[in-house]
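Please walk through the model shown below, beginning with a pair of charged side chains and ending with the chain as a whole.

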Amino acid sequence: MLKFIGISLCVLFLSLVLKDVNRQIAVILSVIGSAILFMTAAGELSSVVKTVTDFSQASSSAVEYSKLMLKILAITLITQIVCDICRDNGENALASMTSTVAKILIISLVLPLFQTVINIVGGLIK
């Protein structure tokens with residue numbers, strides 16, 4: 001955790017200093033810092049992926065659901081990072097649209113799951 005905080009604070013301080021001198025460099029630094037943080041956290045994320053994969057291998061029907069869950073997790077994390085970078089750079093409309101598009105994408109991924117649940121419930125009622 002200290003490593004993440006250290007990276008964040010270094011990028012923050014450098015960005016604040018460079019923002020007055022050259023705004024474009026500060027934006028690039030912010031994006032690169034976010035990428036470094038994400039790559040650093042990817043090691044932790046791999047343990048989450050491994051745990052979900054282990055759970056899904058216990059039940060063959062859970063494999064598709066675990067893939068779906070990992071896709072949604074990835075979409076959510078990447079969208080949050082992109083939206084934060086957009087907001088930091090004053091692009092609130094772009095951040096909101098990116099968030100909306102991600103929600104639509106997630107809904108489109110989950111719709112087959114809803115259909116399966118409705119079919120199961122419909123089969124139980126008959």
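**A salt bridge and its setting**

Lys67 and Glu64 join their side chains in a salt bridge, with an N to O distance of 3.9 Å; the term denotes a side-chain nitrogen of Lys or Arg within 4 Å of a carboxyl oxygen of Asp or Glu. A search of the whole structure finds one salt bridge. The model is predicted, so local features need pLDDT of at least 70 and side-chain atom pairs count only at pLDDT 80 or more, whereas totals for chains, interfaces and linings use all residues. Residues are numbered from 1 along each chain as its sequence is written, and side-chain values use heavy atoms, with hydrogens and water left out.

Lys67 and Glu64 are three residues apart in helix α3, which means that about one helical turn separates them. Helices here are DSSP runs of H or I with at least four residues, strands are runs of E with at least two, and both are numbered from the N terminus. Glu64 is exposed, at 54% relative accessible area, while Lys67 is partly exposed, at 45%. Buried means under 20% relative accessible area, exposed means over 50%, and partly exposed lies in between (1.4 Å probe, protein chains only).

Helix α3 spans residues 62-88 and also contains Thr79. Is Thr79 buried or exposed? Thr79 is buried, with a relative accessible area of 13%. Its side chain reaches the backbone oxygen of Ile75 at 2.6 Å. When residues up to four places away in sequence are not counted, Thr79 touches Thr98, Ser99 and Ala102, where contact means heavy atoms within 4.5 Å.

The chain as a whole has four helices and zero strands, and its pattern along the sequence reads α-α-α-α. The radius of gyration is 20 Å, well over the 14 Å that the globule rule gives for 126 residues, so the chain is more spread out than a compact globule. This radius is taken over C-alpha atoms, and the rule is 2.2 Å times the number of residues to the power 0.38. Along the principal axes, the C-alpha atoms fill a box of roughly 70 × 35 × 15 Å.

Of the 126 residues in the chain, 17% are buried. The chain exposes about 9100 Å², of which carbon and sulfur atoms supply 73%; accessible areas come from the Shrake-Rupley method with a 1.4 Å probe, and for residues only the protein chains shown count as cover. Among contacts between residues at least 6 apart in sequence, 54% join residues at least 24 apart.

Methods
A polar contact is a pair of N or O atoms within 3.5 Å; within protein, one must be able to donate a hydrogen and the other to accept it, and residues adjacent in sequence count only if both atoms are side-chain atoms.
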